[in-house]
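Please open the model in your viewer and keep the sequence panel beside it. The stops below go from the whole chain to single side chains.

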Amino acid sequence: MNMSLHPDTAPKQTAAPADAASGGTAGEGLSERQREVLNAVLTLMVAEGDRFSVAAVARAASCSKETLYKWFGDRDGLLTATVRWQASKVRIPDLPDKQLTHDSLKAALTGFATSWLTVITSDLSIALNRAAVSHAGSGKSRLGEIVLTNGPIAMKQRLEPLFLAGRAAGLLAFDDVGEAFRAFFGLAVADTQIRALLGEDNRPGAREIETMSARAAQQFLGLYGQG
């Protein structure tokens, strides 16, 4: 998903697709068959960018165009559901039943960054984000707006409760949760995604991503931690 174009300013909200992925996280509301369709869209985007047609999706997913329109509304609705589905693969840490501690907060931040980096450096996310960047501001499609709204901006909204819980527990000090998120975003993603988008083949493996994520969490706590 970019799940990582920088989340500074929210564009106009994209309309939710009908029946599927209409605001839930982690794929809530999607049937297994609908997920298969969205995976087919992502596979087509790896091969063709966002030039695919609804008819091509129907052929690839062995599904009628009528069913696609019923589930997702239109092509933008299909793209929105696809972006949300890819973004849902980033695991948001659950808040612990007991009060956060320094160690549990660090572990949650590390786990989130690990999941985030794993998703955004995948072939599927790279293809999705390349297509979004290529059309951003061109008027050719709304994919850039869809990715920004349902990727990093939605990710910020999903992670905010952890930051606020950390502040409530006296572990974090910040005035603006958005500013804190952007700092963590920068530390976690750094130049990893842009290098992948520009074609660097040497993407980080699982062990390197874990190391990078732990370092980002430690650096963030160095900037905003207290107590």
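Begin with the whole chain selected and its contacts in mind (a contact means heavy atoms within 4.5 Å): of the contacts with a separation of 6 or more, 80% are accounted for by residues 24 or more positions apart. Before going further, note that this is a predicted model, in which local features need pLDDT of at least 70 and side-chain atom pairs count only at pLDDT 80 or more, while totals for chains, interfaces and linings use all residues. Residues are numbered from 1 along each chain as its sequence is written, and side-chain values use heavy atoms, with hydrogens and water left out.

Next, switch to a cartoon display, where you will find ten helices and zero strands, so that the pattern along the sequence reads α-α-α-α-α-α-α-α-α-α; helices (H or I, at least four residues) and strands (E, at least two) are DSSP runs, numbered from the N terminus.

Of the 227 residues in the chain, 48% are buried, where buried means under 20% relative accessible area, exposed means over 50%, and partly exposed lies in between (1.4 Å probe, protein chains only).

The remaining stops concern charged side chains. A search of the whole structure finds seven salt bridges, each being a side-chain nitrogen of Lys or Arg within 4 Å of a carboxyl oxygen of Asp or Glu.

Select arginine 33 and glutamate 36, whose side chains meet in a salt bridge at 3.1 Å, N to O. The two residues are three apart in helix H1 (residues 32–48), which means that about one helical turn separates them.

Finish by selecting Asp76, Arg142 and Glu145 together, as they are linked in a network of salt bridges. Within this group, glutamate 145 and arginine 142 meet at 3.2 Å, N to O, and arginine 142 counts as partly exposed at 29% relative accessibility.
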